[in-house]
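Dear colleague,

I am passing on the structure we spoke about, and my notes on it follow below. Please open it alongside this message as you read.

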Amino acid sequence: MERSSLKKTLKILIIEDDLDLAETYIDNLESEEHDVALISTSTQAIDYFVRDRNRPDVVILDMNLPGESGIVVLGLIRRIPRLKRTKVIIASGHPDMAKRAIDNWGADLFLQKPVAMDVLQNTVNDFKVGMLN
């Protein structure tokens with residue numbers, strides 16, 4: 001599919017407590033014209049989904065967050081019906097989590113940190129293509 005046919009702007013939520021890394025993700029994804037928001041704690045993430053009733057297309061989720069772990073946030077996402085189609089990418093420096101994140105916790109994909117920005121962009125664009133079909 002040609003890049004020009006990938007016009008849909010995705011709503012992407014980054015849940016990451018490393019603000020320098022999060023800014024890198026944001027700059028990279030905004031350069032692709034996505035609507036990107038940042039949350040840095042599990043408490044903020046829970047409020048974002050429960051209280052504010054938001055529905056992002058893609059969530060990039062760190063597993064080691066202040067407060068509850070990313071596993072709790074992922075479990076919440078997977079229990080909320082309006083988030084059924086939300087794609088969740090686990091970004092973690094713990095490769096042993098990959099299989100569990102997908103098989104047991106309901107993540108769509110695992111990316112090991114440090115995540116190369118071209119890999120992140122390609123992954124998001126692959127999700128976009130799937131959402132357009």
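The model is predicted, so local features are given only where pLDDT is at least 70 and side-chain atom pairs only at pLDDT 80 or more, while totals for chains, interfaces and linings use all residues. Residues are numbered from 1 along each chain as its sequence is written, and side-chain values use heavy atoms, with hydrogens and water left out. Helices (DSSP runs of H or I, at least four residues) and strands (DSSP runs of E, at least two residues) are numbered from the N terminus.

I begin with the interior. A residue is called buried under 20% relative accessible area, exposed over 50% and partly exposed in between, using a 1.4 Å probe and protein chains only. A nonpolar core is a set of buried Ala, Val, Leu, Ile, Met, Phe, Trp, Tyr and Cys residues joined through side-chain atoms within 4.5 Å. The largest such core has 23 residues, of which I15, F49, V59, L61, V73 and I90 touch the most other members. Two or more residues each come from β1 (11–15), α2, β3 (58–62), α3 and β4 (87–92), and α3 gives the most, with four residues. Contact here means heavy atoms within 4.5 Å; on that basis, and leaving aside neighbours within four places in sequence, L61 is in contact with I15, G70, V73, L74, V88, I89, I90 and A91. Apart from this core lies another, of 19 residues, among them Y25, I26, V58 and L111.

For the pairing with α2, the axes are lines fitted to C-alpha atoms over the stretch in contact, and angles run from 0 to 180 degrees between N-to-C directions. Helix α2 (residues 42–50) and helix α3 (residues 70–79) pack at an angle of about 5 degrees, with axes 10 Å apart. The two helices are therefore roughly parallel, a label for angles under 35 degrees, where over 145 counts as roughly antiparallel, 65 to 115 as roughly perpendicular and the rest as oblique. On the α2 side the residues that meet α3 are S42, A45, I46, F49 and V50, and their partners in α3 are V73, L76 and I77. By class, this contact has seven nonpolar residues, one polar and no charged, where Ala, Val, Leu, Ile, Met, Phe, Trp, Tyr, Cys and Pro count as nonpolar, Asp, Glu, Lys and Arg as charged, and the others, Gly among them, as polar.

The structure holds one aromatic pair. The rings of Y48 and F49 have centres 5.1 Å apart and planes at 90 degrees, so the pair is edge-to-face; rings of Phe, Tyr and Trp (its six-membered ring) pair if their centres lie within 6.5 Å, with planes under 30 degrees apart counted as stacked, over 60 as edge-to-face and the rest as tilted. Both Y48 and F49 are buried.

Two backbone details may be worth checking by eye. Most residues other than glycine have a negative phi, and most peptide bonds are trans. E33, which is not a glycine, has a positive phi of about 70 degrees; E33 sits in the loop between α1 (19–30) and β2 (35–39), and it counts as exposed at 61% relative accessibility. K113 and P114 are joined by a cis peptide bond with omega of about -5 degrees, and P114 is found in the loop between β5 (109–112) and α5 (117–132).

Finally, some single residues. D57, in the loop between α2 and β3, counts as buried at 18% relative accessibility, and beyond its neighbours within four places in sequence D57 is in contact with K8, T9, L10, K11, R85, T86, K87 and M131. T123 in helix α5 is buried, with a relative accessible area of 10%, and T123 touches I89, L109 and L111, not counting residues up to four places away in sequence. I102 in helix α4 is partly exposed at 37%, and the C-alpha atoms of I102 and I90, twelve residues apart along the chain, are separated by 8.8 Å.

With best wishes
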